[in-house]
Structure formats: structure tokens, C-alpha cells
Amino acid sequence: EALKKGITLKRHQEEGIAWLQYCLENAQGVLLGDDMGLGKTLQVLYLIDWHYRNLNKDNKPYLIIAPVTLLENWKNEYQKFFENGMTFDIIRQVPAPNDEEFISKHSFKHIMLMSYECLRRGQLAFGKLDFAIIAIDEAQKIKEPGTMVTNAVKALKGDFKIAMTGTPVENTFMNLWGIMDFWCH
């Protein structure tokens, strides 16, 4: 186990991680819709770290998309809870669509963090990467079908996709469909 000494998971987090592991082996994706403060970030980081250490024989990278204000939080949470883990790269500059150096550098096993806006602007370059796991935080950002951000997220290639939000339905059930459609592409 990669958790730092003295760190223990709560029962609901253990159950959530077991469910994520089951879904990873049996589904294309999931919606993690726990309320705020219950540890969605920790559960997803645990799943990624577990996959990294045990299953990623193809050495594929991982991608976490979040609002720009949460990017550092993801990195800090990983460093707070895990021992000797993965490297992180927060992507702030949008690569050119044919930037082979960027694509080559980011095709290996590490965690990429980026904002929705960065993904939208660099969609063509990021679309050339094949991810082991893609997690989108504050997934309500893709609730509206046909927007540029929604289309960019849905165009990504990943073996397993996780949509995370504490508010999966804000206005109508179409919002929920928009989020769940993420892993059907």
C-alpha cells in the first residue's frame, strides 16, 4: 500500500475505492457523485496510484482535468497522502497540434493536470495521447452537450473515465446525461 504511515481511510472511502476498482475492471467509466468533503479526490488518487503500481503495463499516462483553482490542490493532496509516488505535470501552456516533442514527453506513465480551458485550446494535441485513466473534477462543466469544452473532453482517448461532481443534476436530468455521456465516447 502506498499511503503514508498514519493515514487511514474512512469506511465509505474504502468502499468507494473498492467500487472504483471493480468498475475499472468491468466498465468504461463512472460518475462519482459524493457530496463535498467526503474524499472524492483521495479516492480517485488512490485508484490512480493503485493502477499505476499494479496494472499499467502499457505505461500510459493519467489525466486529471479540473478548474484552474483546483490544480495545485490535486498535486498537494497526492503528496500529503502517498509515499514515493508518481510524478505530476501541471499543463499551463497549450501545445501546438503537431508538437511531437510534447506528445512524446507526455506519453509515459505520470499524472497530467490541466484546466478545462487548457484542454479546449489544446484539444488537437491532447487528442493524440492515450490515457490509462481520465478523471474530470467538477464534471458539471460538461453538462451541456455540444459546447467546445464538452466536445474536447469527450474526444479524449482513455481506458477508464471518471466524472466527479457533488452536483450531478443542477437543472434537469439532461445535465446528468451530458456528464454520463463522457465515457461513452
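Tyrosine 78 and phenylalanine 82 are both buried in this predicted model. Their ring centres lie 4.8 Å apart and their planes meet at 15°; because stacking requires planes under 30 degrees apart, the pair of tyrosine 78 and phenylalanine 82 is classed as stacked. The whole structure contains four aromatic pairs. Ring pairs join Tyr46, Tyr78, Phe82 and Phe88 into a cluster.

**Sheet and helices**

The sheet is open and consists of six strands, arranged in the order 1-6-5-2-4-3 with parallel pairing. Its edges are formed by strand 1 (29–32) and strand 3 (88–91), each of which pairs on one side only. From one strand to the next, the twist averages 20°. Four bridges connect strand 2 (residues 62–65) with strand 4 (residues 111–114) in the parallel sense. Within this pairing, isoleucine 65 faces methionine 114 of strand 4.

| Helix | Strands touched | Angle between directions |
|---|---|---|
| Helix 2 (residues 40–54) | strand 1, strand 2, strand 3, strand 4, strand 5 (130–136), strand 6 (157–164) | about 160° with strand 6 |
| Helix 3 (residues 71–81) | strand 2, strand 3, strand 4, strand 6 | about 175° with strand 3 |

Arginine 11 belongs to helix 1 (residues 11–26). Is this residue, arginine 11, buried or exposed? Arginine 11 is exposed, because its relative accessibility is 65%, and the class begins over 50%. Between arginine 11 and methionine 114, the C-alpha to C-alpha distance is 30 Å, with a separation of 103 residues in sequence.

**Cysteines**

How many disulfides are there? The count is zero, as judged by the criterion of cysteine sulfur atoms within 2.5 Å. Cysteine 23 has a relative accessible area of 8% and is therefore buried. Cysteine 118 is likewise classed as buried, because its relative accessibility is 2%. Both assignments rest on the cut-off of under 20% relative accessible area.

**Confidence**

The protein has an average pLDDT of 89, and 90% of the residues score at least 70. Among its elements, strand 2 has the highest mean pLDDT, at 98, whereas helix 8 (residues 173–180) has the lowest, at 69.

Note on methods: Residues are numbered from 1 along each chain as its sequence is written. This is a predicted model: local features need pLDDT of at least 70, side-chain atom pairs count only at pLDDT 80 or more; totals for chains, interfaces and linings use all residues. Side-chain values use heavy atoms; hydrogens and water are left out. Buried means under 20% relative accessible area, exposed over 50%, partly exposed in between (1.4 Å probe, protein chains only). Two strands pair if DSSP finds at least two bridges between them. Helices (H or I, at least four residues) and strands (E, at least two) are DSSP runs, numbered from the N terminus. Axes are lines fitted to C-alpha atoms, for helices over the stretch in contact, and angles run from 0 to 180 degrees between N-to-C directions. Contact means heavy atoms within 4.5 Å. pLDDT is the predictor's confidence in each residue, from 0 to 100. Rings of Phe, Tyr and Trp (its six-membered ring) pair if their centres lie within 6.5 Å; planes under 30 degrees apart count as stacked, over 60 as edge-to-face and the rest as tilted.
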